[in-house]
Amino acid sequence: MELSPAPKGRWADLPEDIALALASRLQEADVCALGGCSRSWRAACDADCVWERLFRCRWPAAAAEAAAASRVQGWKALYINQHRRMGVAISNVVEFVGSSLNNGWLESECYLKAIADLALTADIGFLDVQFFLFSRNHSAIINLIGLHYSIASLHVPPTEVSKALQAVHEVFRLRISLADIDK
């Protein structure tokens, strides 16, 4: 039995520059998903130019300092490390708020301290707020702190903050619907 030839026009046959151009136009989650499709896409999605753009867009103030380190570590490693640093800094605020709750209530001083602690952490951007604060796993107070910080400190338009919160709600509702289907 003879195998048929590979189909023409496969995505893996794209020239490297075109694959890089496509990967460079994606957001973080999409780059990671595409990188899992094949070896050739993984190579394109692991490219320094892709992760440099993602880093510079997400943390513009930290990008100049990171440029020197990128020669040693690479932009993807820098991105992952910076993402983890933001996660640790924000989780410290979340833990503080959780330990300060009194029967579901948070004193205004604790609320304001949480906002101030976020503002003191360099480079926390709106995407960090979306990743680490806007979650159904967190209390409404944590979501509110993320909303307040995004509008007052990051100057994100309220409509954009609302869209981000609605997206979290939609993902949660989809998960519940899928769980109902499995039953």
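Analyst: H6 and H7 pack with their axes 10 Å apart, at an angle of about 175°. Axes here are lines fitted to C-alpha atoms, for helices over the stretch in contact, and angles run from 0 to 180 degrees between N-to-C directions. H6 and H7 are therefore roughly antiparallel to each other. The classes are these: under 35 degrees is roughly parallel, over 145 roughly antiparallel, 65 to 115 roughly perpendicular, and the rest oblique.

The model is predicted: local features need pLDDT of at least 70, side-chain atom pairs count only at pLDDT 80 or more, and totals for chains, interfaces and linings use all residues. Residues are numbered from 1 along each chain as its sequence is written, and side-chain values use heavy atoms, with hydrogens and water left out.

Now the contact itself (heavy atoms within 4.5 Å). From H6 come Ile90, Val93, Phe96, Val97 and Ser100. They meet Cys110, Lys113, Ala114, Asp117 and Leu118 in H7. By class, the residues of this contact are seven nonpolar, one polar and two charged. Ala, Val, Leu, Ile, Met, Phe, Trp, Tyr, Cys and Pro count as nonpolar; Asp, Glu, Lys and Arg as charged; the others, Gly among them, as polar.

Lys113 and Asp117 form a salt bridge, with the closest N and O atoms 2.8 Å apart. The term means a side-chain nitrogen of Lys or Arg within 4 Å of a carboxyl oxygen of Asp or Glu. Both residues sit in H7 (residues 108–120), four residues apart, about one turn of the helix. Lys113 is partly exposed at 39% relative accessibility. Asp117 is also partly exposed, at 23%. The scale sets buried at under 20% relative accessible area, exposed at over 50%, and partly exposed in between (1.4 Å probe, protein chains only).

Lys76 pairs with Asp46, the closest N and O atoms lying 2.6 Å apart. Lys76 belongs to H6 (residues 75–100) and Asp46 to the loop between H3 (39–45) and H4 (48–58), so the pair ties together parts 30 residues apart in sequence. Both partners are partly exposed: Lys76 at 28%, Asp46 at 32%.

The axes of H2 (residues 28–35) and H4 come within 11 Å and cross at roughly 160°. That makes H2 roughly antiparallel to H4. Glu28, Val31 and Cys32 in H2 meet Val50, Trp51, Leu54 and Arg58 in H4. These residues divide into five nonpolar, no polar and two charged.

Glu160 pairs with Lys163, with the closest N and O atoms 3.3 Å apart. Three residues separate them in H10 (residues 158–182), about one helical turn. Glu160 is partly exposed, with a relative accessible area of 34%. Across the whole structure, the search finds five salt bridges.

Last, the chain as a whole. It has 10 helices and zero strands. Helices (H or I, at least four residues) and strands (E, at least two) are DSSP runs, numbered from the N terminus. Of the 183 residues, 33% count as buried. Among contacts with a separation of 6 or more, 58% join residues 24 or more positions apart.
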